[in-house]
Amino acid sequence: MGQEEIVKRYLLAFVLLIALAIATGPTAWAAPPSQGGGRVHAVQSGENLDGIAAQYGVSAEALMRQNGIVNPDLIYVGQPLVIPGGYGGPVNYPQQGYGCGNSYTVAMGDTLSGIAWNFGVNPHELMRLNNLYNENFVFVGQQLCIPGPGGYRPQPANYNDYRPAPGGYYHTVASGETLTSICDRYGIDPWNVIQANNLNNAAYIWAGQQLIIPGYQPPAPVYGAPPVAYAPPPAYAPPPAHPPYRDSYDSSLKPPPYQPPADDGKLPPAPGYQKGAAKPLLPLAEHPIEVVVNGGETWADEVWTSPDPNGITTVVVQTDTEFGKVVRMRSGDYEVKGETEYLSGEFGPSSFAFRYLPPGDYDVWVDDEETPSEKVQISVDGGQRVNVAFSKQVRFQGQTYASPDGWVLAAWENPSKPHERSGGWSNILVKTPASGLWVRAESEGGGYKAKCYTGHKGPGACDFAGLNAGIYYIWIDGTDLTLKTYMDGSAYAVFEFAKQPTDEDSDFIGPVNYD
């Protein structure tokens with residue numbers, strides 16, 4: 001017999017021996033003395049290192065050290081694995097008595113959470129009892145011990161009839177929330193929320209879904225001083241008189257002092273003056289008034305009310321697209337504040353929610369050093385949600401009253417853009433019903449003060465030129481009407497003052513220059 005034939009026979013015998021061991025031999029046998037372990041396990045199709053370790057009640061790390069395995073994901077069918085320690089056989093959990101009521105054989109498609117759900121047990125307890133290290137790994141044919149008293153028979157847990165206790169708390173899922181984040185917020189076990197809401201898939205919840213939060217009770221609100229009824233602002237106090245002006249004009253440009261005609265002592269009527277007003281007259285104010293035209297941006301509001309889904313008295317304040325803005329609420333001596341957040345859960349972006357408020361009347365405003373804010377007066381009823389949406393707007397704040405002496409802003413045109421500074425010069429043309437009137441202008445802060453005499457720019461008109469960007473106050477000497485306006489450094493604005501007749505008026509408005 002040749003050497004080549006001998007080698008072939010040895011190879012054939014070796015292959016037959018391996019096939020016979022795989023087909024008929026057990027999955028565990030005695031280890032050779034040199035291995036230093038208790039038993040040897042032959043890797044079967046579909047097995048992995050974690051499952052084999054769990055089957056023999058040892059850790060995967062110990063199994064890797066015993067067999068010199070570097071990569072736990074790289075084992076092959078038929079590979080012999082030495083079970084470390086004096087292991088004498090597979091783990092057999094007690095089938096009777098406390099802690100293991102029954103066993104279950106894992107079937108195709110089973111998951112650990114699904115098995116725990118069907119038997120009405122906590123998945124963490126199931127992992128602890130079966131020495132499982134990876135909650136995402138169970139394998140077909142694996143025997144799991146089901147915790148519970150002896151004689152337990154598995155049946156699916158039924159929570160379809162769950163109802164929260166009277167006054168139970170509901171959470172409305174907001175965009176981006178997960179079941180884990182919601183449970184962390186309320187400090188409860190996610191398993192309790194899954195059971196209470198009969199969730200089949202804990203990974204699938206949607207915005208707007210109402211979830212029962214079992215056992216949670218919102219904290220009782222802590223109130224400060226009880227709110228009092230809304231108190232109106234104090235009566236108007238007129239501003240102090242303007243300081244005396246220093247005339248910087250060339251005296252040669254001043255018109256001569258007015259001399260009335262000597263024939264009958266009556267002043268001539270103003271050009272174009274009509275005693276009968278073409279439009280309905282405005283009521284007369286009881287104090288001097290200020291009219292604002294394009295005076296820069298203001299936080300203005302929009303308010304609407306709806307029932308709160310949780311029955312909590314709530315006021316939600318939004319600041320358009322700007323977050324980090326301080327918002328305040330006040331009712332008498334009771335005042336609270338908050339800061340709008342980029343995302344505020346169910347309340348939307350750039351918002352802050354005042355919750356558990358006592359019902360009553362409140363002032364709401366944005367506390368912004370750069371942009372003034374309107375104060376919104378709202379009434380809050382118990383269990384209602386009041387939404388106050390602020391946005392920056394340019395508003396014409398007037399005119400609902402004429403000044404006490406009948407003056408109004410009849411027309412205006414100001415193309416200035418708020419908060420823009422073009423770096424040039426602005427001009428203002430002022431029109432009045434008569435020539436010979438002094439018109440004064442002053443910048444905010446008093447850095448610029450000037451006056452002009454109507455009639456220099458046509459009948460009843462004069463102007464102010466070379467104005468820097470900023471806010472200006474304009475009024476006719478001796479009247480109770482002041483105009484506040486913003487100039488951006490390049491616009492040409494026109495403002496027309498008019499005087500509506502009163503019962504005490506004659507045709508006289510002021511001196512007239514016919515030259």
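Two strands are taken to pair if DSSP finds at least two bridges between them. The structure described here is a predicted model.

Strand E19, residues 426-431, meets this criterion with E22. The two strands run in the antiparallel sense and share five bridges. Within this pairing, Ile428 stands opposite Phe464 of E22. Both strands belong to an open sheet of four strands. The strand order is E18-E25-E19-E22, and the pairing is mixed. Strand E18 (407-413) and strand E22 (461-467) form the edges. Each has a single partner strand, so one side of each is left without a neighbour in the sheet. From one strand to the next, the twist averages 20°.

Helix H2 spans residues 49-56, and helix H3 spans residues 60-67. Their axes come within 8 Å. The crossing angle is roughly 100°. Angles of 65 to 115 degrees count as roughly perpendicular, and H2 is therefore roughly perpendicular to H3. On the H2 side, the contact is made by Leu49, Asp50, Ile52 and Ala53. Ala60, Leu63 and Met64 contribute from H3. By residue class, the contact of H2 with H3 comprises six nonpolar residues, one charged residue and no polar ones.

H2 is mostly covered, with six of its eight residues buried. The buried residues are Leu49, Gly51, Ile52, Ala53, Ala54 and Tyr56. Leu49, Ile52 and Ala53 are buried, and these residues also take part in the contact with H3. An α-helix has 3.6 residues a turn, so residues three or four places apart point the same way.

Both ends of H2 show local features. Just after H2, Gly57 adopts a positive phi of about 70°.

The C-alpha atom of Gly78 lies 8.5 Å from that of Ser45. Along the chain, Gly78 and Ser45 are 33 residues apart.

Notes
Residues numbered from 1 in each chain as written. Predicted model: local features only at pLDDT ≥ 70, side-chain atom pairs only at ≥ 80, totals over all residues. Heavy atoms only, no water. Axes fitted to C-alpha atoms, helices over the stretch in contact; angles between N-to-C directions. Parallel < 35°, antiparallel > 145°, perpendicular 65-115°, else oblique. Contact = heavy atoms within 4.5 Å. Nonpolar A, V, L, I, M, F, W, Y, C, P; charged D, E, K, R; others polar. Buried < 20%, exposed > 50% of the residue type's maximum accessible area, 1.4 Å probe, protein only.
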